[in-house]
Amino acid sequence: MSDEDEHEHHPPEREEFGHDPVEHAEVSAGMSVADLAEQYGRAGIGAADLSEAIDVTGEIFASDETTVFLGLAGAMVPAGMRRIVSDLIREGHVDALVTTGANLTHDAIEAVGGKHHHGHHEHPELTEREFDEQLRDEEVDRIYNVYLPQEHFALFEEHLRSEVLEDIGEEVVSIAEFTRELGRANAEVNDREDVDEDAGIAAAAYESDVPIYAPAIQDSVLGLQAWLRSQVTGFSLDALKDMSPLNDLAYEAESTAAIVVGGGVPKNYVLQTMLVTPEAYDYAVQLTMDPPQTGGLSGATLDEARSWGKLKKDARNVSVYADATITLPLVVAGALDRADEAD
């Protein structure tokens with residue numbers, strides 16, 4: 001045998017590799033979100049993940065039998081995502097919301113007349129630190145490129161004392177009962193004062209009888225005000241009191257879906273619900289920027305959650321790794337189109 005024969009290349013034995021080729025996205029003026037989502041699906045990497053997230057979320061929204069648990073972390077309200085969440089609640093696409101005390105604080109601020117503002121570093125002669133020191137002197141809080149004048153916190157604290165805590169009185173209540181009262185107060189003041197802005201997430205949840213859980217509520221201005229009240233009255237919050245209604249909702253559901261925006265406590269609280277039920281999630285969609293390699297929960301893949309029994313072995317799940325202020329509107333808009341098509 002010649003050296004040439006010995007080193008002759010032999011292709012691997014397999015069928016012709018022709019399945020599902022990557023195509024090239026086409027975009028044009030006047031495209032709908034549904035059309036754009038279809039083009040994302042022709043492409044690869046993050047575009048393909050986003051397209052799949054729209055498809056899975058659309059299937060969730062189209063199902064009348066699926067109970068939806070929404071986890072909302074991060075600064076989504078200050079960033080301008082508030083109306084998307086409140087509309088989903090009002091349209092019946094959310095059965096339980098798990099979020100942060102911070103999101104509820106900022107939601108209430110807007111409900112009673114406060115506003116967040118676009119931030120601009122207008123003094124190029126100042127370093128970022130010097131500019132933030134100036135904002136401190138001017139009593140303006142910065143959340144990346146969003147500004148909030150501190151007087152809005154004073155407005156919120158007065159609203160909480162007079163419209164929420166006074167009505168609860170000396171009782172020990174669950175966090176969900178507390179957030180329900182916050183939603184009631186937000187809706188009433190928003191209407192009474194004819195506030196231009198929508199009454200918001202907590203108000204929508206109150207009106208739609210959707211529970212809001214905020215298991216780390218102490219980590220917020222809302223939680224600080226609740227704690228201060230507990231120091232001078234009999235009022236307090238019982239976090240464990242939330243567990244039975246939340247777990248019962250999961251236990252009694254025919255089908256379940258987790259939509260998780262960001263990580264942290266809201267993500268884990270949503271996913272761990274399935275650890276005390278005989279079933280697991282049928283669907284899961286995650287929008288995050290946290291990588292999985294650190295081993296932290298915020299970046300953990302949904303496939304990892306399957307190993308814990310939080311997702312069914314055959315569950316439809318997808319993670320999209322990108323800024324949620326970009327992906328959430330796209331996923332929701334595309335999914336609503338898909339759900340309408342299914343009807």
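View 1. E188 is partly exposed, with a relative accessible area of 38%, while R184 is buried at 9%. Buried means under 20% relative accessible area, exposed over 50%, and partly exposed in between (1.4 Å probe, protein chains only). The model is predicted: local features need pLDDT of at least 70, side-chain atom pairs count only at pLDDT 80 or more, and totals for chains, interfaces and linings use all residues. Residues are numbered from 1 along each chain as its sequence is written, and side-chain values use heavy atoms, without hydrogens and water. E188 and R184 form a salt bridge, with the closest N and O atoms 3.0 Å apart; the term requires a side-chain nitrogen of Lys or Arg within 4 Å of a carboxyl oxygen of Asp or Glu. Both residues lie in helix α8, 4 residues apart, about one turn of the helix. Helices (H or I, at least four residues) and strands (E, at least two) are DSSP runs, numbered from the N terminus.

**View 2. The salt bridge of R229 and E166.** The N to O distance between these side chains is 3.2 Å. R229 lies in helix α10 and E166 in helix α7 (residues 151-168), so the pair ties together parts that are 63 residues apart in sequence. R229 is buried at 16% relative accessible area, whereas E166 is partly exposed at 48%.

**View 3. The salt bridge of D209 and R180.** The closest N and O atoms of D209 and R180 are 3.5 Å apart. D209 sits in the loop between α9 (201-208) and β7 (212-213), and R180 in helix α8 (residues 175-192), so parts 29 residues apart in sequence are tied together.
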